[in-house]
Amino acid sequence: MGMLVGKKGIIFGVANDHSLAWYCAKALHEEGAELAFTYQGEALERRVRPLADSVGSKFIEQCDLSNDEAIDKIFTELKKQWATIDFVIHAVAFANKQDLEGHFVDTTRDGFKLAMDVSAYTLTAVAKRASEMMNGDGGSIVTLTYYGAEKVVPHYNVMGVAKAALEASVRYLAADLGDKNIRVNAISAGPVRTLAAMGIAGFRDMLKVVEAKAPLKRNIQAEEVGKTALYFVSNMSSGVTGEIIHADCGYSILGM
Ligand code: NAD
């Protein structure tokens, strides 16, 4: 029997079948979890709906996470369908393209606010509402981050600053929600070719550098990010919270 039979959760961040959120969804579905999905805007519906259908999802709704009313609406709808949930996958980030090339010092106030709002604050906004639906058995909230939060990675710029805020949010949320047995963790994934990643200037070079230097001498596979999400959602990580796991073929351990 699957590890997640009887567990229900919502996935934020599927844009297409390359999305890390989709690989997390597949890994959770294979272990028996029931899934709800949101997509950011109408244009993505035609990609996300067939994927959600393929894993038997009955809940597929639009939600722009930069809008609090839209988030409230999703959780109100979700409550009608399921009284409680067990997990959340938050795999959402955005920064203006011009802020993901050139120099961090050129970031505008608006660009900074936008990246912070969508890529960091939305985890807190979602955790607040989700935690109110995690009654009894507790729950697991998982987000996606990147090494650019810890060290300077060329062109990652304002997204690195937003990911640092996201990682700190993981720790504060873990501390706040621990007494309800809600665990909050992050996967720091190595580079994977996705829609969001291709918006970072020089992304292909990042893949080449990791392949050449990482201890495992290759890039991470999206399926491996999915398996790490399964670890965090399942009982296998029952004593782990506030943690950032690097699923990056070891690249982040290198000093030089
Ligand atoms: P992706 O483009 O497939 O997913 C990003 C998602 O964010 C999209 O579904 C997009 O619709 C959503 N999004 C952006 N703004 C939103 C908003 N206002 N409201 C709702 N949704 C919004 O790319 P991905 O690489 O799968 O990204 C998922 C997560 O993984 C992101 O947090 C990203 O930073 C992180 N990550 C990616 C990599 C990588 O190399 N691909 C590495 C480490 C971490």
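Before I go on, a word on the model. It's a predicted one, where local features need pLDDT of at least 70 and side-chain atom pairs count only at pLDDT 80 or more, while totals for chains, interfaces and linings use all residues. Residues are numbered from 1 along each chain as its sequence is written, and side-chain values use heavy atoms, with hydrogens and water left out.

Where does it sit? In the largest pocket. A pocket here is worked out on a 1 Å grid over the protein atoms alone: it's an open set of points with protein on both sides within 12 Å along at least five of seven lines. To sit in one, a molecule needs more than half of its atoms within 2 Å of the pocket's grid points.

Now the polar contacts, meaning pairs of N or O atoms within 3.5 Å; within protein, one must be able to donate a hydrogen and the other to accept it, and residues adjacent in sequence count only if both atoms are side-chain atoms. A ligand nitrogen is 2.8 Å from a polar backbone atom of L65. A ligand oxygen is 2.7 Å from a polar backbone atom of V192. And T194 brings a polar side-chain atom to 2.5 Å from an oxygen of the ligand. Taken alone, the ligand exposes 820 Å², and the protein buries 93% of that. Those areas come from the Shrake-Rupley method with a 1.4 Å probe; for residues, only the protein chains shown count as cover.

Next, helix 1, residues 20–30. Helices are DSSP runs of H or I with at least four residues, strands are runs of E with at least two, and both are numbered from the N terminus. Buried means under 20% relative accessible area, exposed means over 50%, and partly exposed is in between, with a 1.4 Å probe and protein chains only. Eight of the eleven residues in helix 1 are buried, so the helix is largely enclosed by the rest of the structure.

Another helix 1 residue is W22, which is buried because its relative accessible area is 5%. Contact means heavy atoms within 4.5 Å. Not counting residues up to four places away in sequence, W22 touches V14, N16, D17, F37, L51, S54 and V55. After helix 1 comes G32, with a positive phi near 100 degrees.

Which non-glycine residues have positive phi? H155 is one of them, with phi near 75 degrees, and C249 is another, at about 55 degrees. H155 is in the loop between strand 5 and helix 5 and counts as partly exposed because its relative accessibility is 29%. C249 is in the segment after strand 7, and at 5% it counts as buried.

Last stop: N157, in helix 5. At 14% relative accessibility, N157 is buried. A polar atom of the N157 side chain lies 3.4 Å from the backbone oxygen of D99, and the backbone oxygen of E101 is also 3.4 Å from a polar atom of that side chain. That's it from me!

Note on methods. On a 1 Å grid over the protein atoms alone, a cavity is a set of points where a 1.4 Å probe fits but cannot get out, and a pocket is an open set with protein on both sides within 12 Å along at least five of seven lines; lining residues have an atom within 4 Å of a point.
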